[in-house]
Amino acid sequence: SRAPSELSGDRGPRGLLQSPDGARDAFSMVKNKGKGGKNRRRGKNDSDTTKREILFKEDGQEYAQVTRMLGNGRLEAFCFDGVNRLCHIRGKLRKRVWIGVGDIILLGLREFQDQKADIILKYDGDEARSLKAYGELPDTVQINAGHEMLEGEEFGDDNFDFEDGDDNN
């Protein structure tokens with residue numbers, strides 16, 4: 001029940017304490033103890049950088065290789081049982097795990113739709129090579145198939161070979 005002027009000072013504009021002579025005290029500002037906001041959390045990568053255990057396929061699952069990206073969380077993949085399937089990237093992987101052409105993925109097959117499947121997991125290069133070594137993947141699979149196609153475009157090579165000859169009739 002003291003008057004505000006009897007305290008160390010009145011509150012001025014912006015809520016800072018002012019001494020009776022009108023000078024603001026710097027010590028009265030609130031310190032920011034936080035570590036950032038929404039953008040800092042967005043920048044964090046929650047993926048396991050350590051080695052994770054390789055998941056093998058179970059009943060109702062199949063290995064596949066991405067052949068074409070369709071957009072809207074969908075892609076086309078060639079399953080190693082010989083069927084091309086339309087695949088849906090599930091919400092847990094979407095915008096967290098980037099999937100590209102040539103990647104090896106694990107699909108959950110649908111019992112009611114044979115031509116559609118859901119992506120359960122994406123294998124990185126080392127995991128795919130070890131799956132191939134274990135005999136889970138066929139020997140004809142190229143693990144980094146998508147990367148070789150991109151390297152050719154980087155150097156301006158469109159994979160066309162022209163013969164040196166006159167075709168004038």
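This is a predicted model: local features need pLDDT of at least 70, side-chain atom pairs count only at pLDDT 80 or more; totals for chains, interfaces and linings use all residues.

Residues are numbered from 1 along each chain as its sequence is written, and side-chain values use heavy atoms, with hydrogens and water left out.

**Fold and surface**

I took helices (H or I, at least four residues) and strands (E, at least two) as DSSP runs, numbered from the N terminus. The chain has three helices and seven strands, and reading along the sequence I wrote down the pattern β-β-α-β-β-β-β-β-α-α.

For burial I used relative accessible area, with buried under 20%, exposed over 50% and partly exposed in between (1.4 Å probe, protein chains only). By that scale 24% of the 169 residues of the chain count as buried. The accessible surface of the chain, from the Shrake-Rupley method with a 1.4 Å probe, for which only the protein chains shown count as cover for residues, comes to about 13,500 Å², and 47% of it belongs to carbon and sulfur atoms.

I looked up Q61, which lies in strand β3, and recorded it as buried because its relative accessible area is 17%. For polar contacts I required a pair of N or O atoms within 3.5 Å; within protein, one must be able to donate a hydrogen and the other to accept it, and residues adjacent in sequence count only if both atoms are side-chain atoms. A polar atom of the Q61 side chain lies 3.1 Å from the backbone nitrogen of E58. Leaving out residues up to four places away in sequence, I found Q61 touching F56, L106, L107, G108, L109 and I120.

E62 is also placed in strand β3, which covers residues 61-71, and E62 counts as buried because its relative accessibility is 9%. Its side chain is joined to that of K57 by a polar contact of 3.4 Å. Again not counting residues up to four places away in sequence, the residues that E62 touches include K57, C79, F80, D81, I105 and L109.

I turned to D81, which sits in the loop between β4 (74-79) and β5 (84-89). D81 is partly exposed, since its relative accessible area is 39%. Its side chain reaches the backbone nitrogen of V83 at 3.4 Å, and its C-alpha atom is 8.5 Å from that of A64, a residue 17 places away along the chain.

G100 I located in the loop between β5 and β6, and it is partly exposed because its relative accessible area is 23%. Apart from residues up to four places away in sequence, G100 touches V66 and M69. G100 and R68 are 32 residues apart in sequence, yet their C-alpha atoms are 8.2 Å apart.

**The second largest pocket**

I kept the working definition beside this entry: on a 1 Å grid over the protein atoms alone, a pocket is an open set of points where a 1.4 Å probe fits, with protein on both sides within 12 Å along at least five of seven lines, and lining residues have an atom within 4 Å of a point. Grid points are joined across faces, edges and corners, and a volume is the space filled by probe spheres set on the points.

The second largest pocket has a volume of about 180 Å³. Its lining includes M69, N72, R74, I89, K95 and W98.

Which of the lining residues are nonpolar, polar or charged? I counted Ala, Val, Leu, Ile, Met, Phe, Trp, Tyr, Cys and Pro as nonpolar, Asp, Glu, Lys and Arg as charged, and the others, Gly among them, as polar; the lining then divides into six nonpolar, three polar and three charged residues.

N72 has a positive phi of about 60 degrees although it is not a glycine.

Key:
Contact means heavy atoms within 4.5 Å.
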